[in-house]
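Hi,

Here is the structure I promised to pass on. My notes on its aromatic rings and on one helix contact follow below.

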Amino acid sequence: MRYNSCILAIESSCDDTSVAVIRGRRVLSNVVANQSVHVNYGGVVPELASRAHTQNIVPTMEAALEAAGVIAEELDGVAYTQGPGLMGSLHVGVSFAKSWAYAIGKPALPVHHMHAHILAHFLEPGDPPKLPFLCLTVSGGHTQLVKVKGPLNMEVIGTTRDDAAGEAFDKMAKLMGLPYPGGPEIDRLADNGNPNAFAFTRPSVEGLDMSFSGLKTQILHFLQRELHANPSFVAERKHDIAASVQHAILGILLSKLEAAVSATGILEVAIAGGVSANRGLRKELERRRDERGWTVHIPPMEYCTDNAAMIAMTGAIHFESGLRGEIADAPNPRLPF
Ligand code: KG4
Ligand code: ZN
């Protein structure tokens, strides 16, 4: 595949408004407007998220075009996240992207958010993984083991039966009284903690599927028991608790990733999605590269959490393959993989 199109992309599936411009595989700009309105609520409030997208989208797009030094006429297409995500949030990005594409006479390119997390690996500065590769995609809403046979040919070979890995991080953090989103907080605290301070049992789920809800209940009961004996337990041991919780979540993810490597014989392994920013996960992957000969692909931090550069890369692959959206394409919170 040749990569030389110039694509602008809009991402608005959850609580970040992002606009990016890429040429080929090179990111010319990737502007992310984080929404701070949700911090006080301990989670994303969908109604507030869509309102903030409406406020942010025009200035974010102006900033992205200016930073890229690109004008509308130079673009080959306008990519946007069609789903999955929050209906109201998606609606803002989808309507805006399609209207603007129509106004400037360029094709609109609908993109699946989870394909895009994986295809972030095709962005420079790295080289795209060799095909086929395995990708562990771990975000706030999804946990998937994906066999990538081609950029447009992917198969989910394992998934969570309940909570997503990012959701597990966020829920455990909430139990510990940490602010939202809890994943980065646990990551930070775990750095100075002992991962073996407290042991939690791993759920037994057959095959390549995963489960995190049992772990959440286990940790809830553990904290209740300890706090009953010592009301300052969490405050006194927060580093050790965070490290042990992280160790338990990563244990589930890594055991299934290893099982996927054994089952497929594929040693080319990537991680993607918000949780791939986790330093513990990144370190564990590097260890498997050194000890087991895996070729590992770890995205740069800015392409782990939600960003429009990954949407642009996916849009570019669609464009180069001759795929185009329809004017009737609608946001789909449950867009099938
Ligand atoms: O991919 P993403 O930005 O949004 C979704 O598509 O869901 O993922 C967000 C998730 C949140 O659950 C957040 O807590 C988690 O990624 N996350 C992390 C870290 N950074 C973000 N989890 C663990 N460690 C991190 N460093
Ligand atoms: Zn995401």
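**Aromatic pairs and a helix crossing**

Searching the whole structure turns up 4 aromatic pairs (Phe, Tyr and Trp rings, the six-membered one for Trp, with centres within 6.5 Å; planes under 30 degrees apart are stacked, over 60 edge-to-face, the rest tilted). This is a predicted model, where local features need pLDDT of at least 70, side-chain atom pairs count only at pLDDT 80 or more, and totals for chains, interfaces and linings use all residues. Residues are numbered from 1 along each chain as its sequence is written, chains are lettered from A and ligands numbered from 1 in the order written, and side-chain values use heavy atoms, leaving out hydrogens and water.

Phe198 and Phe233 are edge-to-face, because their ring centres are 5.7 Å apart and their planes sit at 65 degrees. Phe198 counts as buried at 13% relative accessibility (buried is under 20% relative accessible area, exposed over 50%, partly exposed in between, with a 1.4 Å probe and protein chains only). Phe233 is buried too, at 5%.

The rings of Phe200 and Phe222 have centres 5.3 Å apart and planes at 85 degrees, so that pair is also edge-to-face. Both Phe200 and Phe222 are buried. Ring pairs join Phe198, Phe200, Phe222 and Phe233 into a cluster.

Now the helices (DSSP runs of H or I, at least four residues, numbered from the N terminus). The axes of H7 and H8 (residues 279-292) come within 10 Å and cross at roughly 40 degrees (axes are lines fitted to C-alpha atoms over the stretch in contact, with angles from 0 to 180 degrees between N-to-C directions).

Cheers

How values were computed:
Helix = DSSP H or I, 4+ residues; strand = E, 2+ residues; numbered from the N terminus.
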